[in-house]
Structures are given as structure tokens and as C-alpha cells.
Amino acid sequence: MEDSLFAPGHRACAGCGMPTAIKLVLDAAGPNTIVASPTGCLEVTSTPFPESSWRVPWVHSLFENAAAVASGVEVALRKFKKTDINVLVIGGDGSTFDIGFGAISGMFDRGHRITYVCYDNEAYMNTGVQRSASTPFCAKTTTTPTGKMSLGNPRPKKDMPAIAVAHRVPYVATASIAYPVDLRRKVRRSLSADGPAYIQVNAPCITGWSFEAGDAIEQARLAVDTCLLPLIEYVDGVLVGVKKVRRKRPVEDYLKTQGRYKHLFKAEGGAEVIAQIQAMADANVEKYGLID
Ligand SMILES: Cc1ncc(C[n+]2csc(CCOP(=O)(O)OP(=O)(O)O)c2C)c(N)n1
Ligand SMILES: [Mg+2]
């Protein structure tokens, strides 16, 4: 990884899935790339002053406006006829699903040639594992604690890819660090789209999800193999790509390996919740044709 555009020496937790996602995205985009990132784990761990892991030009925005900052960069490049430079936003789920959502919607609507990559660790990790709209149903976070009164997050995960498709942008995809060839291909394809693109990369968080050290890739693979994370691809609003699941695994295989779901195997009502989560996975199979 010495020649990676995302240099080693960053301060992400040992075993974090995010740096792998960032390396794969930058590898695919290449050196002719400018990145804007909102506040979050990526920003704080990759740029402890005066050091930086970024080997491409990188700008830190506010939490809520990375898509607006990138929009300005893209317009300036177009004005100067520098149309061979990729403009990326790489941000967490908190800024993508919640706090920067308005700026993203505007970026999509104005039609900028920008690929927006969300590294999705399913909570506000940098500030201490608070729930975001990306947090899955009944996962434990510090703002959705578990106990007699609660089995964790009461809401299902917001369907951001569907919201991106609803903006009629030319390219939308989900991706996984467990499928690097697929991920890199999707980034390249997004960059040749004639307009905004959205790619959501599942990025397991060892601290917030609480799994065995060294298991980030395995966690990412289990999310796909249980059908909780469909790997899908839309071009001009049409579903053109679905990664088929050869051997579907029960959701318990995923849930039981993570501390954030531990309560479901002990508390009253936990079995019903697991059945509900299984039904969500089964609905994905139906909706996207995940199994041949
Ligand atoms: C407007 C605003 N609200 C809240 C914060 C505090 N804050 C900084 S990072 C962060 C969490 C980021 O979550 P996410 O985008 O999911 O990235 P992660 O840390 O999980 O990688 C929060 C709440 C902020 N910087 N600005
Ligand atoms: Mg997050």
C-alpha cells in the first residue's frame, strides 16, 4: 500500500473498515482527483495537524456542507475548462443521511459532475457512537441504549440509495469492502457518468459495532451474504446491476458476531426482533432478485 493515494500512518482504530474503503475509492479514481470531506472519523483520523494521509488535494468542509463545497470546486474547474479532474465527496453516514442531506440534495438537483461517496459505518462514530438515520433496526448505540424499556434503535435504516435514485441522478450504487473489484469498478463507472453519482460503501466499525479484531472484511461479507446489504447499481434510474448471493446465510450469523446486537440474544422480545430483521433480508431478496 506504499503507493496508495491514502497513505498509512493515519489514526483510525486498528481494525477499522473505513481506511480500506478510502484506499479502494482513491485507487479507482486515480491521482487526478480532488476530494471534499465533512467532519467525521475520516477527517479527524487522516489529518492530525500537521500530518495528512491524503496524496490528492483534499478540503475539509463543515459537517453539513461538503456537497456544497464540492459543487463550488466542480463549477470552478468547469469554468477553467479543466474537465479531466474528478471531484469527489467522501463523508460518513451522519453527514450524508442527516446533517449534510440538504446540501447533497442540492448538489444532485443542480447536476454537478461529482461522485458522492458515503462510507457507511451506521452511526456517528467520531463523537461516541450516536444513532444516525443509517443505524439499522434494533442496533444498540449510545443514544438508543438497550434495557427493559428498549431493544435499541426503533427505526429502520433510511434508504439513501432510493432517495438518490429519486433525484434522477445518472448513477447510484452500493458497495462493500469485501468485494473490492466490484467497488473499484463502481467508482470508475460513477466518474464517467454525465452528472452526479452516489455510492454508499458499507464500512464496518470495530468500536461501534464491537466485533472481533481483524474481522472487518468478514463483517462486510456477512452483511452481503445475509442479504441485509444488497449490492445494487442504478444507471439513469434503472436497476442494471445486482450482485447475486450464492449461499444465503441466516441473519443470526451476522448479528451474533456484533456487540451492538448482543441484547437480541438475551432480552425478552429479542427472538421476535431477529425474525423481523430476517424478514427485512428476505424482502431484499424479493425486491432485487438477489438469488438465482
Ligand atoms: C453541525 C455539526 N453538528 C455536529 C457536529 C459534531 N460532529 C462532528 S463529527 C460527528 C459525527 C460524524 O458522524 P458520521 O458522519 O457518521 O462520521 P463517522 O464519525 O461515523 O465516521 C459529529 C456529530 C459538528 N461538527 N457539526
Ligand atoms: Mg458514521
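Mentor: Happy to! Helices here are DSSP runs of H or I with at least four residues, strands are runs of E with at least two, and both are numbered from the N terminus. This is a predicted model, in which local features need pLDDT of at least 70 and side-chain atom pairs count only at pLDDT 80 or more, while totals for chains, interfaces and linings use all residues. Residues are numbered from 1 along each chain as its sequence is written, and chains are lettered from A and ligands numbered from 1 in the order in which they are written.

Let's begin with Arg-11, which lies in the segment before helix 1 (18–29). Arg-11 has 13 C-beta neighbours inside 10 Å, so it counts as partly exposed; that class sits between buried (20 or more other C-beta atoms within 10 Å) and exposed (12 or fewer), with C-beta atoms placed from the backbone. Leaving out residues up to four places away in sequence, Arg-11 touches Thr-45 and Pro-48, where contact means C-beta atoms within 7 Å. The C-alpha atoms of Arg-11 and Pro-48 are separated by 8.0 Å, although the two are 37 residues apart along the chain.

Next comes ligand 1. A shell of 17 residues surrounds it, with Gly-40, Cys-41, Gly-92, Gly-94 and Asn-126 the closest; a residue is near if its C-beta atom lies within 6 Å of the molecule. Helix 2 (41–46) and helix 4 (93–99) are the elements that give two or more residues to this shell, and helix 4 gives the most, with four. By class, the shell holds six nonpolar, nine polar and two charged residues. Nonpolar covers Ala, Val, Leu, Ile, Met, Phe, Trp, Tyr, Cys and Pro, charged covers Asp, Glu, Lys and Arg, and the others, Gly among them, are polar.

Eight strands form an open sheet of mixed pairing, in the order 2-1-3-4-8-7-9-10; two strands pair if DSSP finds at least two bridges between them. Strand 2 (58–60) and strand 10 (238–242) are at the edges with a single partner strand each, so one side of each has no neighbour in the sheet. Further in, strand 1 (residues 33–37) and strand 3 (residues 86–92) run parallel and are joined by four bridges, and Val-35 stands opposite Leu-88 in strand 3.

Key: Two residues are in contact if their C-beta atoms, placed from the backbone, lie within 7 Å.
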